[in-house]
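Hi everyone, thanks for making time today. I'd like to walk you through one structure, with an eye on a few charged side chains. Let me put it on the screen.

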Amino acid sequence: MRLEAESYLKSGSNEVRILEYRLGGRSFGINILKVKRIVNDLPLLTGTPNSPAHVVGVFRDRENVVPVIDLMAFLGLPDAEHSEKKKVIITEFFGMLNAFFVDHIDWIHHFHWEDVIDADAVLTAFDHKYVIGIVKPSETRMIQLLDYETIILGLSPSLRSKELDKMKNLSHTATGKRILVSEDSQSVRDMLTVELTEYGFEVVAAKNGQEALKHIEAGEQFDLVISDVETPQMDGLALTCAIRNREETCDLPVIIYSSIGDLGMKKRAEFLKASAHITK
């Protein structure tokens, strides 16, 4: 499934491609932009002292040393298959490599973000802090989309501290400034809201681009929009496109704040006239 360069650069079409995999008999998905590659044979792992729980070791992948996370154990799922059958998904986001054990790789599906069901809307009676969305490739099947950012932050609290330390060095004039944050990850949304509020900014937080756009269309005034790329209903690139297409907000500064730091994502943000692209 190849993505033509022209359509890739001219994003804002609210499209997403999801790699489906199975874990403990359940179907999960991850944005293919976060997937560096798939390893079919279980690599030889080396244990490391004082590793976080559920980090089962590291292995060398070409020139990189990559930590491996037992995602099944992290999520508390029953081990439905033998370990020698497991595959490894190597991911790249937050500017770092991590790998996840999975039982089986299924397929790549093409969806629009409006097809993604907000987990809060359907899982209100359950603890679903690691599930942020659900997609249905058919009427009888569902794929759960996990909050990989929150999973990594939970395993590596130092990442959160480093991010906050970066912000402490910023010079700013916060008085009277309003910032609209669009972010589906609860942990990242809370981190941004708390830190920006402490600096004196007034922050309005939205869970997705559609919710953020409603604030703008209602006539609320903002000095800056900070948006994640991956959000259900409307992604950050489509939100940027909508803002630029409105006469009232065409000059509103928009920062794309994404865990996906590849060159293609930066090019797409630039093509849609985002003010900046910052990797989480």
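**A buried arginine, a helix and some salt bridges**

Let's start with Arg246, which counts as buried because its relative accessibility is 18%; buried means under 20% relative accessible area, exposed means over 50%, and partly exposed is in between, using a 1.4 Å probe and protein chains only. Before I go on, please keep in mind that this is a predicted model, where local features need pLDDT of at least 70, side-chain atom pairs count only at pLDDT 80 or more, and totals for chains, interfaces and linings use all residues. Residues are numbered from 1 along each chain as its sequence is written, and side-chain values use heavy atoms, with hydrogens and water left out.

Where does Arg246 sit? You'll find Arg246 in the loop between helix H8 (236–244) and strand E15 (254–258); helices (H or I, at least four residues) and strands (E, at least two) are DSSP runs, numbered from the N terminus. Setting aside neighbours within four places in sequence, Arg246 is in contact with Ile216 and Glu217, contact meaning heavy atoms within 4.5 Å.

Now, helix H6, residues 186–198. H6 has 13 residues and spans 18 Å from first C-alpha to last, close to the 18 Å expected at 1.5 Å a residue; that expected span is 1.5 Å times one less than the number of residues. Among the buried residues of H6 are Arg189, Met191 and Glu195. After H6 comes Gly200, with a positive phi near 105°.

On to the salt bridges. Side chains of opposite charge can pair when their charged atoms come close. How many salt bridges does a search of the whole structure find? The search finds 13, counting a side-chain nitrogen of Lys or Arg within 4 Å of a carboxyl oxygen of Asp or Glu.

One of these joins Asp103 and Lys86, at 3.0 Å from N to O. The two sit in distant parts of the chain, 17 residues apart, with Asp103 in the loop between E7 and E8 and Lys86 in the loop between H2 and E6. Both Asp103 and Lys86 are buried.

Next, Arg178 pairs with Glu220, their closest N and O atoms being 3.6 Å apart. Arg178 lies in strand E12 and Glu220 in the loop between H7 and E14, so this pair ties together parts 42 residues apart in sequence. Arg178 is buried, with 18% relative accessible area, while Glu220, at 29%, counts as partly exposed. Finally, salt bridges with shared partners join Lys34, Glu149 and Glu230 into one network.
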